[in-house]
Amino acid sequence: DTGSAAAVPINEVDIAYVTPVTVGTPPQTLMLDLDTGSSDLWVFSSLTPSSQVRGQEIYSPAKSSTSKLLSGHTWSIRYGDGSGSRGTVYTDNFTIGGLEVESQAVQTAQEVSSSFTQEQSLDGLVGLGFSTLNTVRPSSQLTFFDNARPKLDEEVFTADLKYHATGSYDFGFIDRAKYTGNITYTPVQQSPGYWTHSLSGYAVGSGAFQSTQIQGISDTGTTLLYLPTAIVTAYYRQVQGAQNSQYYGGYVFPCSSTLPTFTFGIEGARFTIPASYINYTRISPTSSTCYGGLQSSSGLGINIFGDVALKAAFVVFSGTNPPRIGFGTK
Ligand SMILES: CC[C@H](C)[C@H](NC(=O)C[C@H](O)[C@H](CC1CCCCC1)NC(=O)CCNC(=O)[C@H](Cc1ccccc1)NC(=O)N1CCC(N)CC1)C(=O)NCc1cnc(C)nc1N
């Protein structure tokens with residue numbers, strides 16, 4: 001089997017992408033953030049206090065003839081940006097892009113943090129990290145990809161995220177029409193549960209490519225690209241008026257500045273992020289100061305290849321044994 005679904009940016013600066021999914025019988029449609037940086041599938045639900053719901057679609061297990069309570073099971077998750085949620089667990093039919101998993105663990109939120117309440121276009125997450133990261137207790141649950149794997153034509157899913165446009169996620173096949181040339185693969189280290197791999201180096205603008213192994217995680221749920229401070233300072237040294245602002249928590253620069261491109265390596269292949277992707281957003285709607293899409297990872301303890309980087313390529317997440325990740329030019 002295969003599946004294919006849209007990845008729709010939820011705002012004008014691609015802060016996140018949501019994908020239509022259906023849960024239950026008859027199908028209830030929700031827009032969820034497919035997140036390779038976590039492994040919980042959770043949704044706003046009829047169990048979420050109405051004071052914490054602001055425009056989100058909700059899943060009501062009581063309205064589904066195929067829902068089953070996973071009794072005694074709970075979950076609680078905390079994300080890198082400090083947001084979080086917790087609740088109970090049902091199993092139900094779950095489909096993405098025509099690909100169905102019966103009795104998928106669907107984690108129903110009983111509490112969500114304020115940033116989720118405020119994000120009305122996001123009805124929950126589909127974790128596509130390794131199932132070891134799942135927070136359901138007493139027994140952890142499998143991700144949609146792990147459940148779908150036995151019925152997939154190929155043990156892969158792909159991400160084709162786009163700049164200020166709708167892209168796609170495919171399951172079970174690699175769509176040759178979505179990239180040119182070949183996919184370059186590199187090994188993935190699946191502990192502790194992220195899609196962890198290395199870049200083979202980088203270049204700032206037309207500068208020489210610096211060959212250096214940079215380990216990090218490819219994370220569709222993270223908006224920006226977070227790399228070691230030395231690389232980030234080398235980049236913004238090329239930007240007139242750029243400064244690392246304590247106030248704004250990162251590099252900012254005049255919106256009128258000319259930004260260089262940023263190239264990263266996967267093994268012998270090279271992928272260039274256009275300057276426009278790195279001119280991420282104005283710090284406020286009327287400001288002439290802009291916030292960079294490339295920021296330092298020093299506070300995170302890990303480098304994160306987030307959407308700013310991933311949208312510059314066609315990315316294959318391969319669940320083969322051993323797992324690997326592939327990048328194609330588009
Ligand atoms: C089982 C836990 C699980 C694996 C967890 N995984 C993650 O945190 C990575 C995961 O990909 C999550 C998935 C997000 C969570 C928020 C909602 C959207 C998806 N990514 C992050 O937290 C990366 C940092 N956040 C981001 O990149 C969010 C994403 C977002 C998008 C839309 C709306 C709201 C938030 N972006 C922003 O806040 N932006 C606003 C500011 C702007 N400058 C950039 C964009 C983890 O590592 N948690 C450990 C952890 C706990 N506590 C902390 C403090 N840090 C941690 N890393």
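Strand β6 and strand β7 (residues 99–112) run antiparallel, joined by eleven bridges; strands pair if DSSP finds at least two bridges between them. This is a predicted model, where local features need pLDDT of at least 70, side-chain atom pairs count only at pLDDT 80 or more, and totals for chains, interfaces and linings use all residues. Numbering starts from 1 along each chain as its sequence is written, and side-chain values use heavy atoms, with hydrogens and water left out.

**β6 and its partners**

- Tyr90 has Val106 as its bridge partner in β7.
- The β6–β7 hairpin has two residues between the strands, and Gly97 there takes a positive phi near 55 degrees.
- On the β5 side, strand β5 (residues 68–78) pairs with strand β6 (residues 84–96) in the antiparallel sense, over seven bridges.
- Tyr90 turns up here as well, as the bridge partner of Leu69, while Ile77 stands opposite Ser85 in β6.
- β5 and β6 make a hairpin with five residues between them, and Gly82 in its turn has a positive phi of about 85 degrees.
- β2 also runs antiparallel to β6, with three bridges joining them; Val21 has Ile96 as its bridge partner in β6.
- β6 is mostly covered, with twelve of its 13 residues buried (buried means under 20% relative accessible area, exposed over 50%, partly exposed in between, using a 1.4 Å probe and protein chains only).
- As a rule for reading the sheet, side chains in a regular strand alternate between the two faces.

**Around Gly24**

- Gly24 sits in the loop between β2 (17–23) and β3 (28–35).
- Gly24 is buried, at a relative accessible area of 9%.
- Leaving aside residues up to four places away in sequence, Gly24 touches Ser64, Thr66, Asp92 and Asn93; a contact means heavy atoms within 4.5 Å.
- The C-alpha atoms of Gly24 and Ile183 are separated by 36 Å, and the two residues are 159 residues apart along the chain.

**β16 and its neighbours**

- Four of the five residues of strand β16 (residues 250–254) are buried, so the rest of the structure largely encloses this strand.
- Strand β15 (residues 243–245) runs antiparallel to β16, with three bridges joining them, and Gln243 stands opposite Val252 in β16.
- The β15–β16 hairpin has four residues between the strands, and Gly249 takes a positive phi near 70 degrees.
- β16 also pairs with strand β20 (residues 289–292), again antiparallel and over three bridges; Thr289 in β20 is the bridge partner of Pro254.

**The whole protein**

- The protein has five helices and 24 strands; these are DSSP runs numbered from the N terminus, with helices (H or I) of at least four residues and strands (E) of at least two.
- Its radius of gyration is 20 Å, close to the 20 Å from the globule rule for 330 residues, so the protein is as compact as a globular protein of that length. The radius is taken over C-alpha atoms, and the rule is 2.2 Å times the number of residues to the power 0.38.
- The C-alpha atoms fill a box of roughly 60 × 45 × 35 Å along the principal axes.
- Buried residues make up 55% of the 330 residues.
- Of the contacts with a separation of 6 or more, 65% are between residues 24 or more positions apart.
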